[in-house]
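Here is a short tour of a protein model, to be read with the structure open beside the text. Let's walk through its sheet and a few of its helices together.

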Amino acid sequence: MNLDKEDIKSFDYNEMKIFVESIGQKSFRAKQLYEWIHKKLAASFDDMTNLSKDLRKVLDEKCTLKGAEIIKIQESKDGTRKFLMRLSDGNMVESVLMLYKHGSSVCISTQAGCRMGCKFCASTVGGLIRNLRPSEMLDQIYQIQKIIDTRVSNIILMGIGEPLDNYENVVKFIKMLSDEHGLNISQRNITLSTCGLIDKLKELVKENLTITVAISLHAPNDTIRQEIMPIAYKYSITDIIDACRYYIEKTGRRITFEYSMMQEKNDKPEHAKQLAELIKGLNCHVNIIPLNPVSGRAGRRSGRMNIQEFKLILEKNHINVTIRREMGSDIDAACGQLRKRYVEGR
Ligand code: SAH
């Protein structure tokens, strides 16, 4: 990020008004400016034709529009596209576009790197480099929106990083993304996936958002969870379920539990029964993800039969469950970081 200049794309609507006034402009300019940046997705201040030349010059001197830039695109046979994005300080993140009959989903990264250390995940190798700013999360979507014909309708925070470890920026990003002056994406169409930072999850309740929260559970008990996710030493599964119950009660929203199936680790019938017992009666949904093995990381993918049997046991116990449809699996191997898998028609 160029620190000499204001990161104008990270200004929410209110901050834009304050900024506009601070440079001696009438407040209605804030609306124009915000729409140029967040609705018309202008690439430069020069494109903002209803602003005077002088104002455009001032903005160009004071502010930057840089967020993320597409460096490379990988396309799968099913149309799924993976984007390598460069941030203005040279750090790289990845975003994925998935096309469905009813619209398109973009999966974005929230941090450069990650410090959660999940044993099976590629994004955490090398640890956390830094948090992404709202502009850098928004721009992953804007850059993709600019090159496709259809409107981006769903956003998934499941790329690189732990969203709740970058809480303030992520919450601001969600509010800006759903702002009527911007892309105006419904919060109901935004899914935030977290490994379960409970304190932050409770804080999130107070934001009054209507997003969907997905919890990366991946285990039916603490022993197994601790073996694959270091965060499990900090928060127990009981704490997680309690926090989820609180979240559901307060927001009325259904929670999704993600469960990546790993051979011999968490995929046995007894694990399914344990999981069912744990979440019985909760307004929730289980999303089974066949593990995507990452070289150098732990875990093998469960067999198809194991996955089916696991699903059946959950269903017998009246738990809603889907197996994540695999998209872009032919470009998946090269990625190993982003989840290009998403279930349709929940
Ligand atoms: N930090 C957030 C979002 C990151 S990834 C979280 O933990 O939820 C989105 C999902 O993909 C998480 O459920 C994560 O545990 C899972 N995941 C990571 N690596 C995987 C792999 N190799 N195979 C299958 N799922 C994986």
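Helices (H or I, at least four residues) and strands (E, at least two) are DSSP runs, numbered from the N terminus. The model is predicted, with local features needing pLDDT of at least 70 and side-chain atom pairs counting only at pLDDT 80 or more, while totals for chains, interfaces and linings use all residues. Residues are numbered from 1 along each chain as its sequence is written, and side-chain values use heavy atoms, leaving out hydrogens and water.

Let's start with a cysteine. Cys244 sits in helix α8 (residues 237–251). Is Cys244 buried or exposed? Its relative accessible area is 0%, so Cys244 is buried; the term means under 20% relative accessible area, with exposed being over 50% and partly exposed in between (1.4 Å probe, protein chains only). Beyond its neighbours within four places in sequence, Cys244 is in contact with Ile215, Ile255 and Phe257, where contact means heavy atoms within 4.5 Å. Ile198 lies 46 residues from Cys244 in sequence, and the two C-alpha atoms are 8.7 Å apart.

Now for the sheet. Ten strands make up an open sheet with mixed pairing, in the order β3-β4-β5-β6-β9-β10-β11-β12-β13-β14. Two strands pair if DSSP finds at least two bridges between them. At the edges are β3 (68–75) and β14 (321–323), each of which pairs on one side only. From one strand to the next, the twist averages 25 degrees.

| Strand pair | Bridges | Bridge partners |
|---|---|---|
| β6 (residues 103–107) and β9 (residues 152–157) | four bridges | Val106 and Ile155 |
| β11 (residues 212–216) and β12 (residues 255–261) | four bridges | Ala214 and Thr256 |
| β12 and β13 (residues 284–290) | seven bridges | Met261 and Pro290 |

What lies across β3, β4 (81–87), β5 (92–100), β6 and β9? Helix α4 (residues 134–147) does, running at about 55 degrees to β3. Such angles run from 0 to 180 degrees between N-to-C directions, and axes are lines fitted to C-alpha atoms, for helices over the stretch in contact.

Finally, a helix pair. The axes of α1 (residues 13–22) and α2 (residues 28–38) come within 9 Å and cross at roughly 125 degrees. These two helices are therefore oblique to each other; angles under 35 degrees count as roughly parallel, over 145 as roughly antiparallel, 65 to 115 as roughly perpendicular and the rest as oblique. On the α1 side, the contact is made by Tyr13, Met16, Lys17 and Val20, and on the α2 side by Arg29, Ala30, Lys31, Leu33, Tyr34 and Ile37. By class, this contact has seven nonpolar, no polar and three charged residues. Ala, Val, Leu, Ile, Met, Phe, Trp, Tyr, Cys and Pro count as nonpolar, Asp, Glu, Lys and Arg as charged, and the others, Gly among them, as polar.
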